[in-house]
Amino acid sequence: MLPADPGIASALLDLFDASPSPYHAVTTMRQMLEAAGFADAPPGSGPVGRWYRIDGGSLVAWVVSAEHHGASPLRLVGAHTDSPNLRIKPQPDRSGPGGARQLGVEVYGGVLLNSWLDRDLGLAGRVVVEGSDGPEERLMRDQRALLRIPQLAIHLDGDIRQHGLNLNPQRHLSPVWGLGEGPSFAEYLAQQVGVATDAILAFDLMAYDLTPAALTGLGDDFLCTARIDNLLSCFLAVRALVAVADAPGAAIPMISLFDHEEVGSVSTTGAASPLLRHQIELLQSGLGTTVADAATARAASLVLSADGAHATHPNYADRHEPEHQVSLNGGPVLKINANQRYATDARSAAAFVAACRAADVPFQRFVNRTDLSCGSTIGPATAGELGIAVVDAGCPQYAMHSARETAGAHDPGWFQAVLEQVLRT
Ligand code: ZN
């Protein structure tokens, strides 16, 4: 068996901390790719080389060698750059009792709301400002402990002992960020990005937990950070692509990291958009691919949809299928759902098993309890958009969609080895 390498999880800590929003995440990954000789590929650039394209919070990257041709199949690893969180409303200023200055927030995706309480929260995202030649996008990040959502004291919550914590997203989630008089949110933002207040045109801004990513537990067994779902898969996909770039196999290795999975993937940059299909068509047109070649390539191609899997929670073992227990540090997880919430079928599952065996990596299988419905991934949308076989797999984790999630420290290294195996085939 391939020895566990916690060094890979450890190497990811700074990447998580540098990526509080999808826009920051693609910037982090662009830097990883550029350090390995990848370049931005505007339409019409030559087919051979190491390339990436970024659109908003989504990134596609690939390697074409001189041996690749019009009918070369694709080996694709897909993942998503977004995570559930709290996003700032367009006119967020609120003043509460006691002089509390607050911000209005929307809930993005399936958030475990309680996990955002009593944390030091920063603010990050993108701002569109009026530039001399039209609208300009700026990345924005305020790393101070700017926002906080205080929980109601136990003495004032008569219900909590009997019914547990009950949070109403409209009434109970507005962060406090000051007291008394102060600048409006627009004035604050203008100062942050260095423009006049009326030059702020729009923004996509979100709160994030300031606690740094860390290896935790007695033997550094755990990787603990925000956004494990699904930046863990994104970073491993980039590392795997870089690792195979020097010697790609007969297939064209490619990664596609999409925004908006947590809200259903239907957007201009989500997995249900034409973004990836257009990029594949562009690269194939550079290789002189005919319609028949494209059909040949598609039939021999494979997508690995990489996303978090549920490890069996020790305090809630009854929520898991008894014959499919999943352990942290037990290896990557093959995810199966008969109703195609995961896109795996027997044929694509077999390809994953073969890749794990070839990489000498242990793996586990996940299926939900029959009386619970599982989440989904970019897998089904990608399968529907491309018509290519898809297998869903990923690292096991606890507390999916918490503001701070927990994975095993050994699984990332093993999963990267499998991704390299898939991309290189
Ligand atoms: Zn996910």
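**Pockets, cavities and the domain interface**

The largest pocket lies between domain 1 (6-83 + 226-424) and domain 2 (85-209), because both domains give residues to its lining. The domain bounds come from an automatic or database domain assignment. The model is predicted: local features need pLDDT of at least 70, side-chain atom pairs count only at pLDDT 80 or more, and totals for chains, interfaces and linings use all residues. Residues are numbered from 1 along each chain as its sequence is written, and side-chain values use heavy atoms, with hydrogens and water left out.

Rolling a probe the size of a water molecule over the atoms shows where empty space is left. Here the search used a 1 Å grid over the protein atoms alone. A pocket is an open set of points with protein on both sides within 12 Å along at least five of seven lines. A cavity is a set of points where a 1.4 Å probe fits but cannot get out. Lining residues have an atom within 4 Å of a point. Points are joined across faces, edges and corners, and a volume is the space filled by probe spheres set on them.

The largest pocket holds about 870 Å³ of space. It is lined by 34 residues, and His310, Gly375, Ala399, Met400 and His401 are the closest to its centre. Its lining comprises 12 nonpolar, 15 polar and 7 charged residues. In this scheme Ala, Val, Leu, Ile, Met, Phe, Trp, Tyr, Cys and Pro are nonpolar, Asp, Glu, Lys and Arg are charged, and the others, Gly among them, are polar.

The second largest pocket holds about 410 Å³. Its lining has 19 residues, with Leu152, Asn166, Leu167, Arg171 and His172 nearest the centre. By class, 8 are nonpolar, 7 polar and 4 charged.

The whole structure contains 3 cavities of 30 Å³ or more. The largest cavity has a volume of about 100 Å³. Of its 13 lining residues, Pro84, Asn85, Trp116, Ala226 and Arg227 are the closest to its centre.

The centres of domain 1 and domain 2, taken over C-alpha atoms, are 31 Å apart. In contact (heavy atoms within 4.5 Å) are 22 residues of domain 1 and 20 residues of domain 2. About 1,600 Å² is buried between the domains, and carbon and sulfur atoms give 59% of this area. Buried area is the accessible area (1.4 Å probe) that two parts lose on being put together, summed over both. Between the domains there are 0 salt bridges, defined as a side-chain nitrogen of Lys or Arg within 4 Å of a carboxyl oxygen of Asp or Glu.
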